[in-house]
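Here's a quick tour for anyone opening this model for the first time. Take a look, then read on.

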Amino acid sequence: MNIAKAYQALLRLYPRDHRNLFSSEMLRIFERACEERSSRGRPPYVTFVLREFCGLALGAFAEWAGELSTDPSRRAHRLPGLHACAEAPSEITDAQRRIDFCISRMEQAIATHDFQGARFYSNEDLKARERLRQLRAKYGIAE
Amino acid sequence: MERHDAEESRPLSEPVLLILMSLADRPRHGYALIKDIEALSNGRVRLATGTLYGALRRLLEELWIERFEQDDTSREKQAYHLTGEGRRQLQLEVDRMRQLTRAASARLRTSEV
């Protein structure tokens with residue numbers, strides 16, 4: 001088994017949504033870094049590979065911990081790649097939750113006189129509403 | 001409200017701080033981020049891909065960075081840039097660190113007298 005295949009196998013430890021979004025990017029970077037490190041001699045290369053593999057295992061553990069302890073809509077709301085494999089109704093639920101999240105953050109920002117933050121979440125709220133409108137139009141769901 | 005204040009004042013982890021610093025001047029893709037962070041930290045920090053992408057995911061969720069497709073011929077297409085909120089959080093962290101170093105310097109001066 002070559003080193004890239006071993007890396008790919010370890011990527012399977014990650015939750016599916018993380019894999020869908022980042023695994024090809026992570027693999028490309030790993031391969032590029034391998035090319036660079038292998039030219040520096042064997043000990044630095046072996047150290048690099050071991051660090052990468054340990055980092056992957058720890059990263060996968062952290063992602064599963066996050067996956068199991070966080071509201072899935074919050075984890076997914078800003079990661080467009082996740083929507084490609086999602087069912088239509090859950091896309092709409094996510095968009096609705098995103099609006100709720102923005103409103104809640106906007107209210108918090110106003111309460112702490114953080115007007116720059118409030119403006120930011122207000123703009124995000126407008127974008128989320130537009131997204132919800134488009135999704136409803138796409139799936140023919142009345143408002 | 002209190003929770004929001006606590007979140008705002010919580011120090012950023014080193015990988016997160018370095019990623020925000022790296023994206024402050026221009027967008028970068030993953031490999032460029034790793035190389036730039038290594039340079040920013042004088043070779044002290046070399047993020048593993050697992051650490052980098054865990055931090056990137058959290059930053060995307062917090063809306064501090066955004067992901068986009070780069071129109072160039074490089075091997076990596078997906079790049080990341082700092083949002084207005086990300087820049088604001090970086091500024092908050094820089095202010096916090098400045099205040100701390102000022103206080104530490106003052107204490108050191110006092111102890112020298």
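What follows is a short walk through chain B.

This is a predicted model, where local features need pLDDT of at least 70, side-chain atom pairs count only at pLDDT 80 or more, and totals for chains, interfaces and linings use all residues. Residues are numbered from 1 along each chain as its sequence is written, while chains are lettered from A and ligands numbered from 1 in the order in which they are written.

**Overall layout**
- Chain B has five helices and three strands, counted as DSSP runs from the N terminus (helices: H or I, at least four residues; strands: E, at least two).
- Reading from the N terminus, you get α-α-β-α-α-β-β-α.
- Of the 113 residues in chain B, 31% are buried (20 or more other C-beta atoms within 10 Å of the residue's own, with C-beta atoms placed from the backbone).

**The sheet**
- The three strands of chain B form an open sheet in the order β1-β3-β2, with antiparallel pairing (strands pair if DSSP finds at least two bridges between them).
- β1 (28-29) and β2 (65-69) of chain B each have a single partner strand, so one side of each has no neighbour in the sheet.
- Two bridges link β1(B) to β3 (residues 78-82) of chain B, and B:Arg28 has B:Tyr80 as its bridge partner in β3(B).

**Two helices meeting**
- Helix α2 (residues 14-23) of chain B packs against helix α3 (residues 30-40) of chain B at about 105°, with axes 9 Å apart.
- α2(B) and α3(B) are therefore roughly perpendicular (65 to 115 degrees).

Notes. A residue is buried if 20 or more other C-beta atoms lie within 10 Å of its own, exposed if 12 or fewer, and partly exposed in between; C-beta atoms are placed from the backbone. Axes are lines fitted to C-alpha atoms, for helices over the stretch in contact, and angles run from 0 to 180 degrees between N-to-C directions. Angles under 35 degrees count as roughly parallel, over 145 as roughly antiparallel, 65 to 115 as roughly perpendicular and the rest as oblique.
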